[in-house]
Amino acid sequence: MRAAAEPLLSVRGVETYYGNIVALRGVDLEVSRGEIVTMIGANGAGKSTLMMTICGDPKPRSGQILYDGTDITAMPTHEIMQLGIAQSPEGRRIFPRMTVMENLQMGASLVDPNHFEDDLKRVSELFPRLKERLHQRGGTLSGGEQQMLAIARALMGRPKLLLLDEPSLGLAPLIVKQIFETIRELNENEGLTVFLVEQNAFHALKLAHRGYVMVNGNITMSGTGAELLKREEVRAAYLEGGRH
Amino acid sequence: MASSTTGVKVSGKKPAGDQAETPSRGHAPSPAGPGGGSRFQGSLRDAATAAFVAGVLGFFFIGLRTDIAPGGLDIKARWTAWIVSILVVFAGRLALNLFVFKAERPVTLGLAAQLSGVGETLPGLSKWLVRLLLVFALVLPFFLMTVFPSKQRQFIDLAILIMTYIMLGWGLNIVVGLAGLLDLGYVAFYAVGAYSFALLSQYFDFGFWMALPLAGLLAAFWGVILGFPVLRLRGDYLAIVTLAFGEIIRIVLLNWYQFTNGPDGISGIPKPTLFGLEFSRSEDGFAAFFGLEYAPIHRFIYLYYIILALALITNVVTIRLRRLPIGRAWEALREDEIACRSLGINTRNTKLTAFAIGAMFGGFAGSFFATRQGFISPESFSFIESAMILAIVVLGGLGSQIGVVVASVAMIGGIEMLRNLGFLTQIFGSGFDPVQYRMLIFGLAMVLIMVWKPRGLVSTREPTAVLKEKKRIGAEAVAQGEGH
């Protein structure tokens, strides 16, 4: 972990509401350059809401989100993404009727088209399976391949910060392992900063440098991945029986 | 190469899978001999029941007819029509039972499999088919003049009408097929285009060619006006608002009497000229200039080529746009709006451009319509036109360019064909006009196509991007692909 002067992403006292219902009750967190940070929590804890609030939809009612020194709290989603954040959304959300190739091109919308060939090569090395299926429709891929495509599509935008929302959702343990391994490679080899939201606490905490635990829209615990893995409360709530 | 073969493999599997399902789809597979007999008996009984129901229902609806007579109403019996309709129901039901509902291998399954296979397995053929169609469209007027000299005017007029709908279908295809924004008020832009030209010619003496770009611009402008309030809407909600928008435009045109002449419409809209040459009998007209003998058909041929050119421009622009980032963004928007936004795409601008460009082509078609008719009134721009254009796009297959052509020819040409079914009056009485049943037939066609080809007649989608260096994925990809 590098000790950076200022964090790449910092979320300060963010409160988000859906109508009158509170989803986030004042969340503070920081992600430094070159770090993998994970946020674990049960269903409905507000993990995905936090992810979406960072991306600008919904907007927080109070609090501040800073990315690389810029206040992005009030920015529209597409402008936030243009700053170098990429997201692989929950449930993958690939474009099912478009081919893998076209999906990747969509990911590269913000990047100089001259980089396309190189970036395509890079993601096909990371995910060789996608390379085989470049001209297949996205919807015909298996769940794991779709997740790979969602991550690859996000990487095509050459992000500085990669947001991953539940990449292990509905996937076989072996595929989850592969995907997490790829995330580690990306972080170690290219220094990509990753913020990962997960229910699969064991894998996520093992992978991450630091972690946060969210309960009911509050962050209740934080620490390094290894620390959190040892904590009794974490083990009891998220790990027992969840270990693969 | 390798990837294209896997593509074929996957698509080829589908029909095979359907056939494999066949036995389980029907009733329990029964032994051939006695099973077949009872199946026939069952079919007969079922058909008889259906005929009986038809007889009861049809007794009042078909069998009796009230006419206005001097002393009030007069009841007339139409037993022939009643009996014929019962027989039709009986025969139809029996045939359906024997070949589809109770058949061991329903014919429809094989048919659907064959139909869906055509476009996918023979990409080369479809390419040639498109070229052939294009050549045919180019020589169509002369073809009609030589083959049907007595009906040339009627047929060329029909070709113009079909071509107009093809253009409208292609225009709407941008909005509905590519961007996935269900627009039920497309006729509004058609109306804006038509009225733009009509009013410009009335107040400022604009000719067709001068007014055409302006009509397109104005329609695009109204497309953006419609686009803004509906940016956040999708699906059903969007459909309702666009429907209302179409009606608003029509009602404004109807009621703004001082400006648009209201329900009386605008007449005397100028005909298009060929570089200043009018298609008239006069000395400086088209015929005189080229030393031809004057014939009114020249103007129709010219109109045909104008709409053909406009339609082809629409098509080429759409195909080009699809390959550009904006076109891909439209398609991505149709697939998943949230994912689009998360990739940094400005969904607002993307939607607005789709509305604007779609509307622009509607406007072009509208001003062509005005110049062809010479007279327009709000009556020509009712909801049924929107529904018709949308039906063409949906039946043809959302997003498919050639599908729109097929659907336009089938639907617009089909209605015309209904006019030639004179023999039906002998069965259903002299007042029977098959054209009045066109909505019924549309409905039926829609239902049938949605059952058999839920994604429209041409449901295959051409990818807009292929890797140039196909060889490199070649051999190794096949080997790796086998493993899974």
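I began with one residue pair: Thr38(A) stands opposite Leu196(A) in E8(A). Helices (H or I, at least four residues) and strands (E, at least two) are DSSP runs, numbered from the N terminus.

The model is predicted, and local features need pLDDT of at least 70, side-chain atom pairs count only at pLDDT 80 or more, while totals for chains, interfaces and linings use all residues. Residues are numbered from 1 along each chain as its sequence is written, and chains are lettered from A and ligands numbered from 1 in the order in which they are written.

I looked up the partners of E8(A). Strand E3 (residues 36-41) of chain A runs parallel to E8(A), joined by five bridges. Strand E7 (residues 161-165) of chain A also pairs with E8(A) in the parallel sense, over five bridges; strands pair if DSSP finds at least two bridges between them. Here Asp165(A) stands opposite Val197(A).

I checked how covered E8(A) is. Six of the six residues in E8 (residues 193-198) are buried, that is, 20 or more other C-beta atoms, placed from the backbone, lie within 10 Å of their own. Thr193(A), Phe195(A) and Val197(A) lie on one side, and Val194(A), Leu196(A) and Glu198(A) on the other.

I then turned to the contact between the chains. It takes 29 residues from chain A and 30 residues from chain B; residues are in contact if their C-beta atoms, placed from the backbone, lie within 7 Å. On the chain A side, H3(A) gives the most, with five residues.

Last, I noted that chain B has 20 helices and four strands.

Notes
Two residues are in contact if their C-beta atoms, placed from the backbone, lie within 7 Å. A residue is buried if 20 or more other C-beta atoms lie within 10 Å of its own, exposed if 12 or fewer, and partly exposed in between; C-beta atoms are placed from the backbone.
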